[in-house]
Amino acid sequence: MPITPTNIKLICSDIDGTLLQYGKKTLEAEILSQIKALSARGILFCPASGRQYTSLRKLFEPVADCCVFLCENGGVLYKNEQCIGKTPMPRALAEEIAWDMWNRCDGQGEVMLSGQCCGYLMSRGLGMADRVKFIGNKYKFIHDPAEIPEDIVKVSVYLHEGVEKYVDRFVPRWQQANAAVAGPYWIDTTLANKGTGVALLCKTLGITPAEVMAFGDNFNDTAMLDLVGTPYIMDSAAPALRARYPLHTPRPEDVLRTLLAYM
């Protein structure tokens, strides 16, 4: 689909590995200026991430008023600092997944259960808490998922040696909860996904998925990329993903610069 000013009304982008390279803490100034320029032309920007709203709001603070937020892989949606959508997991299912990930990771994983704006960590001291703190999530340590006092929207396992040897162990087992690799060290489960989140945003904003551009780099982005009219996959993505989507880019800001040039 050609990029024209008339057919793009919302731009959604994965964050870690797409808009923000792993290990970096702040966005490039060009991205922030592009989001502001797009907003001035009536195009909203949507960070679409497994991160919680607290982290995303902080990351996009200079342009947060120009954004809507898809958090926890679609489990929580925010607009104008208000939660406009939440997809809780059945409590028994969330707790079963958490204990399964905890007990069947050979002692090499840690588990995070996500509420609306807090992560609850079952820790072995393998680095998960440092990662969560680095990205700016709010968190508390727990010993048992039964301690969590709110709805659970996502359950994730952090595998400090990498996800490769655990993908076949967890992803097929928990397909009922959309289990997917979410980066080099994470496997996520949630009843929502980025596709259902974008669909709800489209309904709320009164636009169609055909009017959405999206960027992603991993398997948990596929529901979003399959839904929208203009999907881009990162050059760094797995070969299977690069084969699945014909539009590739090394940097989303390069595409946004081209889009703005048309306007």
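Asn-178 lies in the loop between helix 5 (167-170) and strand 10 (180-181), helices (H or I, at least four residues) and strands (E, at least two) being DSSP runs numbered from the N terminus. The structure is a predicted model, in which local features require pLDDT of at least 70 and side-chain atom pairs count only at pLDDT 80 or more, while totals for chains, interfaces and linings use all residues. Residues are numbered from 1 along each chain as its sequence is written, and side-chain values use heavy atoms, with hydrogens and water left out.

Although Asn-178 is not a glycine, its phi is positive, at about 55°. Most residues other than glycine have a negative phi. Asn-178 counts as partly exposed at 30% relative accessibility, where buried means under 20% relative accessible area, exposed over 50% and partly exposed in between (1.4 Å probe, protein chains only). A positive phi of about 55° is also found at Asn-80, again not a glycine. Asn-80 belongs to the loop between strand 4 and strand 5 (82-86) and is exposed, with a relative accessible area of 56%.

Strand 6 (residues 109-114) is largely enclosed by the rest of the structure, because 6 of its 6 residues are buried. In a regular strand the side chains alternate between the two faces of the sheet. In strand 6, Gly-109, Val-111 and Leu-113 point one way and Glu-110, Met-112 and Ser-114 the other way, and all are buried. Strand 6 runs antiparallel to strand 9, to which 6 bridges join it; two strands pair if DSSP finds at least two bridges between them. Within this pairing, Lys-154 of strand 9 is the bridge partner of Ser-114. Strand 6 also pairs with strand 7 (residues 119-122) in the antiparallel sense, over 4 bridges, with Leu-113 opposite Tyr-120. Strands 6 and 7 form a hairpin with 4 residues between them.

The largest pocket has a volume of about 390 Å³. On a 1 Å grid over the protein atoms alone, a pocket is an open set of points where a 1.4 Å probe fits, with protein on both sides within 12 Å along at least five of seven lines, and lining residues have an atom within 4 Å of a point. Grid points are joined across faces, edges and corners, and the volume is the space filled by probe spheres set on the points. Of the 25 lining residues, Asp-16, Arg-131, Ile-135, Ala-182 and Trp-186 are the closest to the pocket centre. Helix 4 (128-135), strand 9 (154-159) and strand 11 (186-189) are the elements that give two or more residues to the lining. By class, the lining has 9 nonpolar, 8 polar and 8 charged residues (Ala, Val, Leu, Ile, Met, Phe, Trp, Tyr, Cys and Pro count as nonpolar, Asp, Glu, Lys and Arg as charged, and the others, Gly among them, as polar).

The structure holds 9 aromatic pairs, defined by ring centres of Phe, Tyr and Trp (its six-membered ring) within 6.5 Å, with planes under 30 degrees apart counted as stacked, over 60 as edge-to-face and the rest as tilted. The pair of Tyr-53 and Tyr-78 is stacked, because the ring centres are 3.8 Å apart and the planes at 5°. This pair links distant parts of the chain, with Tyr-53 in helix 2 (residues 53-59) and Tyr-78 in strand 4 (residues 76-79), 25 residues apart. Tyr-53 is buried, with a relative accessible area of 8%, and Tyr-78 counts as buried at 5% relative accessibility. Ring pairs link Tyr-53 and Tyr-78 with Phe-45, Phe-60 and Phe-69 into a cluster.
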